Amino acid sequence: NIAARVEGLAEAGGICISGSAYEQIENKLPLRYDYLGEHEVKNIAKPVRVYRAQIESEPVARKPLEVASKEKMAFPLPDKPSIAVLPFVNMSDDPKQEFFSDGMTEEIITALSKVPNLFVIARNSTFTYKGKPVKVKQVSEELGVRYVLEGSIRKIGDRVRITAQLIDALSSHHLWAERYDRDLKDVFALQDEITMKVITALQVELTAGEMAGMMAKGAKNLDAFIKYMQAVEFFDKVTKEGNAQAKKTLEEAIALDPEYPRLYMGLAFIHYMDVWYGTTESPDQSLARAFELAQKAISLDDSNAAAYSVLGQIYMMKKQYDKATAECERAVSLDPNSADNFLRLGMVLNYADRAEKAIPYLQKAIRLNPLPSAHYFIQLAVSYRDSGQYEKAIEASKKALQREPNTHFPYIHMAISYIRLGLEEEARAAAAEILRINPKFSLEHYAKILPFPQPVVDRVTEDLRKAGLK
């Protein structure tokens, strides 16, 4: 009997209940509940979620949350409503449902980010809190936001229960809270409903066009949607192995849901990255395939900002800088809260030899995504390097390596920066790391794919040659 064994964890005079019991009585009895985490229980195979029930003689309100302080925030509060969406907690017994709950969180973040007068923290940053017992106050102060959305998902068979609450961290007030019990087939309509409740609670006014775009459905197949989430995790490793895994996963997803625009946008970027990783026999064919896939994504949804930014990257590789910049600027205008779109605009400006202009866009990207993947700092390193700020370039490269130590790109920018600072020994050490991670690295191949104007390509390859690369 699980209940009896869980009760054995209680202190004298106290009551402990399992997670399943908590869900049945949460709002039905005048009790306060404290979550005690997962505990091993004798003769039970999996850890059990345990809550302590606080019995009161009179009904009591929930224990108030700690209030966040503007003075303690790592970043100044933006001048518009700012929000972080924490990963929804998987309350199902099946750990395989993690991607389902992650996917729900991702979709809500994506929808909110399309609202021009909202400041939305990117997925990469909020997902660093996944599985950790963090407080709303901590999230608010570390990410520099006023509002925090948190929730949980429990999927059983063809039914799903979702709880969500929106909290003002500066006052500890719950602006909105709701619990939904729905059929699984209604999950995409439900995530739109949650998003709209959040926007209404923040009193954000939308135009009819923005409203329609937000409510548009993307995925029609749940398994394809989950595979998309898996592919994002593979891609963020910034390695050729991760790129290959992401490609395979997205191709599987397209077979399941051939009308889901985001899958084609993601696969376009994977083919584009094949050129950088040297994992294609024909860079021209890979770029042509990427262009075709991006156009497919746009044909399915012409408000798909990310697809335009991928088109910008493809034009960049062809050294068509004006077209590249125009496509990335269009992406930013369509989705002004997308950290990735600012990243790609900065990247295009870098390779157009406009590094100083790229820096504020990349800084904006990192502000929207304060705990980003290595991609962000790799591009910031290029900006600093090519604007003559070599120490900052090295610092940004090291930050990229903290996020992904098995990618060779940061070492490239470190080696060049060290050479330009006259630190040949350090440059050779960085070059050695490039070859350790990518033994087939070739200066000839790297020079061919670099989309800089030719004088910049010549200088970069000469610096890497001085560092000991061939």
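This is a predicted model: local features need pLDDT of at least 70, side-chain atom pairs count only at pLDDT 80 or more; totals for chains, interfaces and linings use all residues.

Colleague: Which residues of helix 5 are buried?

Modeller: Residues are numbered from 1 along each chain as its sequence is written, and side-chain values use heavy atoms, with hydrogens and water left out. Helices (H or I, at least four residues) and strands (E, at least two) are DSSP runs numbered from the N terminus, and buried means under 20% relative accessible area, exposed over 50%, partly exposed in between (1.4 Å probe, protein chains only). Six of the eight residues of helix 5 (136-143) are buried, and they are Val-136, Lys-137, Val-139, Ser-140, Glu-141 and Leu-143.

Colleague: What covers the buried residues of helix 5?

Modeller: Contact here means heavy atoms within 4.5 Å. The cover includes strand 4 (82-85), helix 4 (123-126), strand 7 (147-156), strand 8 (159-168) and helix 15 (355-368).

Colleague: Which residue in strand 9 stands opposite Asp-168?

Modeller: Strand 8 and strand 9 (173-183) pair in the antiparallel sense over 10 bridges; two strands pair if DSSP finds at least two bridges between them. They form a hairpin with four residues between them, and Ser-172 in the turn has a positive phi of about 70°. Opposite Asp-168 stands His-173.

Colleague: How are helix 18 and helix 21 oriented to each other, roughly parallel or roughly perpendicular?

Modeller: Helix 18 (409-420) and helix 21 (454-466) have axes 9 Å apart and an angle of about 85°; axes are lines fitted to C-alpha atoms over the stretch in contact, and angles run from 0 to 180 degrees between N-to-C directions. Angles under 35 degrees count as roughly parallel, over 145 as roughly antiparallel, 65 to 115 as roughly perpendicular and the rest as oblique. The two helices are therefore roughly perpendicular.

Colleague: Which residues have the most contacts inside the largest nonpolar core?

Modeller: A nonpolar core is a set of buried Ala, Val, Leu, Ile, Met, Phe, Trp, Tyr and Cys residues joined through side-chain atoms within 4.5 Å. The largest one has 143 residues, and those with the most contacts inside it are Leu-149, Tyr-272 and Trp-276.
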